Amino acid sequence: PASPVRLGSSACYVVLAVLFNEEDGVLLVQEAKPECRGKWYLPAGRMEPGETIAAALRREVKEETGLECEPLTLLALEERGPAWVRFVFLARPTGGTLKTLREADAESLQARWWDGDPAALPLRAPDILPLLDLAARYRRSPPHPPTLPQELPCAQLCLRLLVAFASSTGDLWVLLSTAGPPRLPVVACGTDPAEIRRGLRLPVLRLLRGCLPPDPPAGPLGLLGLQHRAGGPGGADGVCFNVLLSIPPHSPGDGPPELRDPAFRWWRVEEEGLKGQILQRLRGAATVPI
């Protein structure tokens, strides 16, 4: 890639927080923006250059609600390619005072804990309703471990792929790149201007089509973790997403499909602890949804 990803020019990152109080009320803000003034939404806003993802979340919640918070886990990743990525977090309040109408400003009019049906309110947009359902399900029975960004630099918007094949007999293989020391494959997103608003799935499919037969298809992407460091190499604001996807068996008892590209190979996972961790994530869909 010719140039690193930078917020405000080649990328837009948004943070959104779901917080509950002890009575299961959800924290909502009343919007002050002219185009949606008076409507309700979850605390959300754009990351600023020089911020970590967690710092942006704390700032937005503080500015819009008056409360301080700590992120607990990433709930979902919503994306439209590198041009727009939204990080949805479950967080907990740690202090502060709830903003009232007397403290209305350009960030919000007020904030409140809402214990009724959010759909009964005039919402800025209904896209928060499935996120609230996702948060409620996570609180009842977490499908994946707590997942928070790791502060490691990345110049581009990339995906590090854990492509796994599990046979019906319980054997497991992982796809490795052999261009250099064996490693998990990495693909960069949005390096072509025509792809800036295309989804993250496109470069993954391109890689798989180059090394795998067209059948069987890959399973859905799931997020295992991510890395980002504010002001990385060359002032970059890139993110590396560690994603899991599976290649389903094409017949009982068979091994993984034959690869068409010699730059890749299947590695059979023999270590029982590692194999168990990967299989648990695969079979339980224990990843952050993208």
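Biologist: Which residues does UniProt list for "domain: Nudix hydrolase"?

Modeller: The unreviewed UniProt entry lists residues 10–136; such annotations may be inferred rather than shown by experiment. This is a predicted model, where local features need pLDDT of at least 70 and side-chain atom pairs count only at pLDDT 80 or more, while totals for chains, interfaces and linings use all residues. Residues are numbered from 1 along each chain as its sequence is written, and side-chain values use heavy atoms, leaving out hydrogens and water.

Biologist: Good to know! What makes glutamate 48 and arginine 59 a salt bridge?

Modeller: Their closest N and O atoms are 3.6 Å apart. A salt bridge is a side-chain nitrogen of Lys or Arg within 4 Å of a carboxyl oxygen of Asp or Glu, so the pair qualifies. Glutamate 48 lies in the loop between strand S4 (44–46) and helix H1 (53–65), and arginine 59 in helix H1, so the pair ties together parts that are 11 residues apart in sequence. Helices (H or I, at least four residues) and strands (E, at least two) are DSSP runs, numbered from the N terminus.

Biologist: Why is arginine 59 called buried?

Modeller: Its relative accessibility is 16%, and buried means under 20% relative accessible area, exposed over 50%, partly exposed in between (1.4 Å probe, protein chains only). Glutamate 48, at 40%, is therefore partly exposed.

Biologist: And what makes lysine 99 and aspartate 105 a salt bridge?

Modeller: The closest N and O atoms of lysine 99 and aspartate 105 are 2.9 Å apart, so this pair also meets the cut-off. Lysine 99 counts as buried at 7%, whereas aspartate 105 is partly exposed at 37%.
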